[in-house]
Amino acid sequence: MNYSEDPKTLNLYPEVAFEEDLTPDDIGEDIVEKCNAIQKACKGWGTDEDALIQELGLTTAEERMKIPVKFKEVSDGDDLKTLMRKECGKGDFGLALQYLSLSPMEAECAMIKKASEGFGTNEKLLYSILCGRSNKDMELLKKTYYKMYTEDLVSLVTGEVGGDLEKVVVGCLQAAEEEYDEGFHTDDKAKEDAEAIFESGQGRLGTDESKFVKVIVMSPPKHLKRVNEYYADKYGYTLFKAVEKELGGDSESALLYTLGIKLKPFETIAKFIKSACAGFGTDELLLTCTLIRYQEYLPYVNASHEELFKKSIQERVRSECRGDYEKLLLAIVNKVSPEE
């Protein structure tokens with residue numbers, strides 16, 4: 001999967017997520033067995049955490065579309081997320097299990113809600129979920145958020161962030177990435193967009209952030225790659241450096257993340273995982289959300305992580321986490337990128 005040569009916007013939701021009606025009858029016997037095992041792990045005086053790690057940690061996004069639906073049927077209406085909170089609490093381990101107890105889009109909605117709770121917004125978690133998304137994923141995310149919380153996602157975000165960061169994130173929320181068209185996204189169009197970016201920043205007093213945002217957010221990755229190449233050839237540095245020169249703070253980080261997810265997704269995610277573990281304390285919430293959200297692509301991310309940092313994601317998890325939480329994160333990674 002060579003995204004650097006032929007970049008595409010990542011889709012995080014499985015195809016089954018876009019089906020109009022997923023009923024318990026459509027779900028296989030393997031999911032039924034998992035649901036029964038989860039029920040058994042939560043019965044009696046103590047919770048069997050190892051069994052929950054096995055049954056929820058070692059799952060794919062497609063399986064997590066089906067497990068909550070079937071669990072409600074086999075448990076006479078019990079909600080799986082509520083059960084995980086009751087059995088395992090609100091700490092790092094319990095919260096990760098709660099996210100694994102939801103469909104991928106419901107999990108992201110719960111993560112967004114978490115990022116916007118309390119006295120301060122978790123901007124880093126918020127933009128990592130909302131930036132660089134495919135149009136169809138973003139439309140489903142917005143629909144799901146309203147269904148869960150009866151609140152418009154755009155309204156929530158504009159109430160949480162402002163300034164240039166708001167321009168970046170709200171731009172991404174529009175689900176307006178152009179479909180690549182060879183007849184429209186020509187070399188001349190790439191030159192035009194590169195020059196427009198330069199004129200909006202280096203070529204004028206002050207920066208017109210809206211032009212930066214529009215080109216990076218709306219351009220399909222294959223076109224954006226050409227814009228970046230032309231920009232570097234003509235002006236001597238890449239779009240990444242241009243963003244660093246012209247913006248600052250969270251807006252710079254969000255736009256760099258968007259650019260990275262489009263042009264170098266696996267390297268960008270690998271660096272993001274490292275950033276969750278940087279400094280004096282691990283950002284467990286960011287680490288949990290990143291590993292769950294990007295699980296499907298972790299084999300490629302792991303390869304980039306090893307190339308960049310000379311260690312696997314599993315080694316990083318072991319160095320940063322402990323106990324059942326460590327075991328759960330390792331299960332998420334090993335499901336798709338097993339250690340040799």
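**Exercise 1. Find which residues A276 is in contact with, leaving aside its neighbours within four places in sequence.**

Start with the criterion: contact means heavy atoms within 4.5 Å. With that cut-off, A276 is in contact with G281, T282, D283, L286 and L287, once neighbours within four places in sequence are set aside. Before going on, a word on the model: it's a predicted one, where local features need pLDDT of at least 70, side-chain atom pairs count only at pLDDT 80 or more, and totals for chains, interfaces and linings use all residues. Residues are numbered from 1 along each chain as its sequence is written, and side-chain values use heavy atoms, with hydrogens and water left out.

Next, take L287 from that list: A276 and L287 sit 11 residues apart in sequence and 5.6 Å apart in space, C-alpha to C-alpha. As for its element, A276 belongs to helix 16 (residues 265–276); helices are DSSP runs of H or I, at least four residues, numbered from the N terminus.

**Exercise 2. Decide whether A276 and D164 are buried, partly exposed or exposed.**

First, the scale: buried is under 20% relative accessible area, exposed is over 50%, and partly exposed is in between (1.4 Å probe, protein chains only). A276 has 1% relative accessibility, so it counts as buried. D164 comes out at 25%, so it counts as partly exposed.

Now place D164: look for it in helix 10 (residues 163–173). Skipping neighbours within four places in sequence, D164 is in contact with E209, L247 and S251. Y13, by comparison, is 151 residues from D164 in sequence and 28 Å from it in space, C-alpha to C-alpha.

**Exercise 3. Work out which residues have the most contacts inside the largest nonpolar core.**

Set up the core as buried Ala, Val, Leu, Ile, Met, Phe, Trp, Tyr and Cys residues joined through side-chain atoms within 4.5 Å. The largest such core has 110 residues, and L130 and L291 have the most contacts inside it.

**Exercise 4. Describe the overall build of the protein.**

Count elements: there are 20 helices and 0 strands. Then check the radius of gyration, taken over C-alpha atoms, against the globule rule (2.2 Å times the number of residues to the power 0.38). The protein gives 21 Å, close to the rule's 20 Å for 340 residues, so it is as compact as a globular protein of that length. Finally, 52% of the 340 residues count as buried.

Technical notes. Helix = DSSP H or I, 4+ residues; strand = E, 2+ residues; numbered from the N terminus.
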